[in-house]
Amino acid sequence: MTSGTERLPALRGGTATDGRRSSALRLFGGKAKGGDDAAKRVQFSSPYLPYLFLAPQLAIIFVFFYWPSIQAIQSSFYLEDPFGFGSTFVGMTNYIDVLKSGEYLGIARFTAIFTALVTFFALSIGLLLAVKADGVIRGNATYKTLLIWVYAIAPPVAGLIGMMFFDQHIGPIVELARWFGWDIKVGLNYSDTAFAMIVVSVWKQIPYNFIFFLSGLQGIPVAVREAAAMDCRSGFRRFWTVILPLLAPTAFFLLIINVTYALFDTFGVIDVMVKDKAANNPITLVYKVYMDGFRGNDLGGSSAQSVILMLIVFVLTIFQFRFIERRVHYN
Amino acid sequence: MFKKISLAAFTLAFSATSSLAATDITWWHGMAGRNGEVINEISQKFNEAQSACALTPVSKGTYEEALASGIAAFRSGEQPNILQVFDAGAATIINAKGAVVPAEDLIIKAGHNFDRNAFIDGVRYFYADSEGKFVGMPFNSSAPIMYVNDEALKKAGVEAPKTWEEFEAAAPKLKAAGYIPLVQSQLTWQFTENFFSRNNIQFATNNNGYDSVVDTKLKVTDPNLVMMFDKLKAWKDEGYFAFYGAGWNDNQKVFEEGKAAFWIGSSGSFGGLQKTAQMPFSATFLPYWNAIEGAGTNSFIGGAALFAMSGKTDEENKCVADFFQFLTSPEIQYFYHKATGYVAITKAAYELAQKDGYYKEKPVAEVGIKQLMLPAGDWSKGYRLGFYPQIREIMEREYGRIFSGETTVKDAFDTIEKEGNDLLARFAKTAG
């Protein structure tokens, strides 16, 4: 058969074209109108009016995103006493101190591994569950709800639940692992703690990915599936060559979301799992910023770290849009 | 409509003036649960006892969060009148010259008497400057003490040790009787800072950091401290000591369940322990090494102190001083001691508790205060180290590595000293 991507232009009105909004609509049985240009071309009587409508949003973005970022960049060049009595300009010293520290580089390495693993497992398990749930006909609403509701749990609570599962004294997962001769020691053993953190973080993120993949799958027209079924008998190959390329826009969006999740939103999980004392446990870069800034009151050093983190995210986003999005076809 | 609004405005203005009759002061603290409730009760008692001042306590989360909020508020000129700062954060606030009004100055200016000798020895120096003037007002104070599983001792036929040598002799018998001889809950506080105090060894140069921030250096590669951790490691390998990570409760739990013979906890732990311990227990002092000359001195005070933030009106400062006076009165101290398990900080309060027969009823409650009242040595008065919360984090990390076998004791202390000294040098630059 010809590859799925080549056939794409022939299809009209509807894969996951207009992204999230329509995906969500579909999931709840709504019907998205594909390619309705009139809705996009709204006329304003004054050229300034759109800016007026944008102003509140822009103000929020400025106050809560740009202003703190500017402050962080500024204080990263200063060495400052916490109470703000004196600050000395030190140039790049804060950055050099941070980047020279073997400890910091170790944390960066862990963050990279952690992010890659969490993103990979959260995406692949979410996709697997979505594909399976898509095939369920009887009682599929119950299935969906069961798979989605974990998402309603706040990260610290997820961390707490996870911590109970991995508790040294009473954790059921620890008991289970002991049967197989693995003595899990969360909080004592670096890799055991890392394992527990990854499991809890993945578990927390699966429902989110599940929702989007499922709605993406349900957006694939029956005609395409039928055509594919006629062309090819292997279900796996059909999935690989037809369904997956059609899911690519959803997957790309989720990739970005999951990377940011693993980098930043896992903070709550980590904080609960290390119980406020990082000790020799693995932590991510964001947690280190918090430790040095909020607990250690080292504003300059912590600002330098957060600027580094900002740069990492910046580079990552550019990379994703330039290199990965090229391979994604939006109909 | 207009009438209604103006009436509302009038009522509002009126109620505002009526509350202005009393001077409002705020107190930010980092206590939660029962300890937080007790703070509310004390504030209520203060407000009922007089009418000139109205005190509002506000919980800001943990110790660290309270300090961070206090700092952020100070920078924007919104600081509370009173801020609770924990032991490890003391250097941060005391070295920020101008952030606080020394408690002693405040109290004297308000026309009260202030007698340093009224406080028990162990609490007199920790929050004071190098001349002994009280900068912070000691508030919730605790000491690391050793809790004893009475059942285990009976079964093994040993006595509670005073020294680590005695512990070493008793440990094999306890192990043979089926117990974990020793657990502890905070290696930094109990086996580092208070190793220096109980054994009377210098912790840092510049008089443990009191004299100056410039060139202050840690002395954690002290052979005695290295020996202590070598011993801990050896004890762990032989099954005389068990370590469950840096979390306080993971370690305490083993003792509560009656599986361990000795647990190093806080003098403030006993209230909770009374409810959770599944066996009869008693307590004794944190052991020291008999072999170290001059050892057996008092321990550093743990816990937190109250600081009067600067930039407030004289009236408000007067209220803060009145509150500090109120807080150190024997009755309130005794009330707080009983309600929380923290030690009484004045001699008068201690005597009141003795007279009342409190310690006959609960002998464990007296252990902490007695340990703080032991004779002081040159190095048992306190320490004042900048960025100390971060230094503690380094220690926790390295100690974890020692017990997971990732590093040796010697390397761990070399790392702590190096990274710790870098932080101290950084702090000197920010404070300078």
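**Figure 1. Surroundings of A:A279 in the predicted model.** A:A279 counts as buried, because 27 C-beta neighbours lie inside 10 Å and 20 or more are required for that class. The residue lies in the loop that runs between α13 (267-273) and α14 (285-295) of chain A. The phi angle of A:A279 is near 45°, a positive value in a residue other than glycine. All panels, this one included, show a predicted model.

**Figure 2. A:A262 within helix α12 of chain A.** A:A262 is part of helix α12 of chain A, which covers residues 235-265. The residue is buried, with 24 other C-beta atoms within 10 Å. When residues up to four places away in sequence are left out, A:A262 touches A:F114, A:T115, A:V118, A:T119 and A:S201. The view also includes A:A116, whose C-alpha atom is 8.3 Å from that of A:A262, although the two residues are 146 apart in sequence. Chain A has 15 helices and two strands, and 33% of its 331 residues count as buried.

**Figure 3. The contact between chain A and chain B, seen from the elements of chain B.** Chain B contributes 28 residues to the contact and chain A contributes 26 residues. On the side of chain B that touches chain A, the elements that give two or more residues are α3 (63-75), α12 (248-256), α19 (388-404) and α20 (409-431) of chain B. Of these, α19(B) gives the most, with eight residues. Sorted by class, this side of chain B holds 10 nonpolar, eight polar and 10 charged residues.

**Figure 4. Packing of α19(B) against α20(B).** Two of the helices that chain B brings to chain A, α19(B) and α20(B), also pack against each other, at an angle of about 165° and with their axes 10 Å apart. That angle makes α19(B) roughly antiparallel to α20(B), since angles over 145 degrees fall in that class. The crossing in which α19(B) passes α20(B) is right-handed. From α19(B), the contact is made by B:Q390, B:I391, B:I394, B:M395, B:E398, B:Y399, B:R401 and B:I402. From α20(B), the residues that make the contact are B:V409, B:A412, B:T415, B:I416, B:E419, B:G420 and B:L423. The residues of this contact divide into nine nonpolar, three polar and three charged.

**Figure 5. B:F387 in the loop between α18 and α19 of chain B.** B:F387 is found in the loop that links α18 and α19 of chain B. The residue is buried, with 28 other C-beta atoms within 10 Å. The phi angle of B:F387 is near 50°, a positive value in a residue other than glycine.

**Figure 6. The boundary between the two assigned domains of chain B.** The domain assignment divides chain B into domain 1 (16-142 + 301-372) and domain 2 (144-298 + 386-431). Taken over C-alpha atoms, the centres of domain 1 and domain 2 of chain B are separated by 28 Å. At the boundary, 21 residues of domain 1 of chain B are in contact with 24 residues of domain 2 of chain B. On the domain 1 side, the elements that give two or more residues are α4 (90-95), α6 (121-124) and α18 (364-372) of chain B. The largest share of that side, six residues, comes from α18(B). The residues of the domain 1 side divide into eight nonpolar, 11 polar and two charged.

**Figure 7. Packing of α2(B) against α15(B).** Helix α2 (residues 33-49) and helix α15 (residues 330-340) of chain B have axes that come within 10 Å and cross at roughly 160°. The two helices are therefore roughly antiparallel to each other. In passing α15(B), α2(B) makes a right-handed crossing. The residues that make the contact are B:N35, B:V38, B:I42 and B:K45 of α2(B), together with B:I332, B:Y336, B:A339 and B:T340 of α15(B). By class, the residues of the contact of α2(B) with α15(B) are five nonpolar, two polar and one charged.

How values were computed
Residues numbered from 1 in each chain as written. Chains lettered and ligands numbered in written order. Predicted model: local features only at pLDDT ≥ 70, side-chain atom pairs only at ≥ 80, totals over all residues. Contact = placed C-beta atoms within 7 Å. Helix = DSSP H or I, 4+ residues; strand = E, 2+ residues; numbered from the N terminus. Nonpolar A, V, L, I, M, F, W, Y, C, P; charged D, E, K, R; others polar. Axes fitted to C-alpha atoms, helices over the stretch in contact; angles between N-to-C directions. Parallel < 35°, antiparallel > 145°, perpendicular 65-115°, else oblique. Left-handed = near helix turned anticlockwise from the far one by under 90°. Domains from an automatic or database assignment. Buried ≥ 20, exposed ≤ 12 C-beta atoms within 10 Å, placed from the backbone.
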